[in-house]
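Here's a quick briefing to read with the fold open beside you. Have a look around first, then come back for the notes.

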Amino acid sequence: MISIKKNLNIAQFQSLIALFILCLALALMTDNFMTTDNFWNVMRQISVNVCISVGMTLVILTAGIDLSVGSILAFCGAVTAGLLSNGISIPAINLFIGFTVLGAVLAGLLVGGGLGFINGYAITKFKVPPFVATLAMLTMARGFTMLWTKGHPISGLGETFGFLGTGWFLGIPMPVWISGIVVVTAIVLTGKTRFGRYIYAIGGNENASLLSGIPIAKVKMWVYALAGILAAVGGILVTARLDSAQPNAGFSYELDAIAAVVIGGTSLSGGRGTILGTVLGAIIIGVLNNGLILMSVSPFWQQVIKGLVILLAVIIDKSNQKSE
């Protein structure tokens, strides 16, 4: 019994221990890692992944997966930039609709929520496996992005919009504030609400949840819609930071999000995991990316190393499940 408790305690802190060891190793291997400028650079870079990963956590807690978040990010960023830059023009009726920053941002969030809802609807109403449904959305959203942008970046979005990605408030970058609000909201949602308890219950045992009267389809559709909205938040941050919506933005971001969730201790089988664990996982991925760049490691080897880290995290997760 004592041995089992010790294993559980170590499992709870394994992400924190891994982050400490990683930071210590990078501090010893590079001169530029432990600097204030690099700290804020890392925090800005991980803000986008934190937003996406929080949505991915909600999905994985229900024993699902969402491969479309990277493409939804790109499309929502492009929609926001396009509406802000060009508005909507309907020459047939001589109508032009211009958008403020707030209006364009809300439109981008609405599009993200809508695409996520379609994922949830296909999964719950037509029983399409989450992997297949979101893989299809990945392709569709990437195609929508190319159609919307015509394959060209949309740039020159103004200082007010750019403040969301590059501005500072009370000495902290705006992306960090925004991702922090997302994290706190998600912690309250999963830990203090009936909706959060339903998410864990569905991932833990869907059949038992159904017999208990939990509206599984409704909860899952909301979860995928929230994942879409948070992907849109990430898209808006990326677009604001670059002052440009890139057609190829968000490529493979879904892999970084899944990696952050798994490294943070959330079980791919669903029903077990925390938002704070995911945040730690996102920080580990961000620090690892930053360290590899500072050490001038080839981008090809970076992919190999990140893949090995993800594989190691999954193996540890499976080992923990067996020990429990």
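Predicted model: local features only at pLDDT ≥ 70, side-chain atom pairs only at ≥ 80, totals over all residues.

Residues are numbered from 1 along each chain as its sequence is written, and side-chain values use heavy atoms, with hydrogens and water left out.

**Helix H6**
- H6 (residues 130–149) has 20 residues and reaches 28 Å from first to last C-alpha, close to the 28 Å expected at 1.5 Å a residue (1.5 Å times one less than the number of residues); helices are DSSP runs of H or I, at least four residues, and strands are E runs of at least two, numbered from the N terminus.
- Its buried residues (under 20% relative accessible area, 1.4 Å probe, protein chains only; exposed is over 50%) include Ala133, Met137 and Arg142.
- Down the axis of H6, the buried residues fall within an arc of 165 degrees, so they line one face (the arc uses directions from the helix axis to the C-beta atoms).
- Thr139 and Leu147 are exposed on the face turned away from that buried side.
- Just after H6, Lys150 takes a positive phi of about 55 degrees.

**Pro247**
- Pro247 sits in the loop between strand S6 (244–245) and helix H12 (253–263), and counts as buried at 6% relative accessibility.
- Pro247 and Arg142 are 105 residues apart in sequence but 8.1 Å apart in space, C-alpha to C-alpha.

**Nonpolar core**
- The largest nonpolar core has 79 residues, with Phe161 one of those with the most contacts inside it (a core is a set of buried Ala, Val, Leu, Ile, Met, Phe, Trp, Tyr and Cys residues joined through side-chain atoms within 4.5 Å).
- Helix H11 (residues 216–242) gives the most to this core, with 13 residues.
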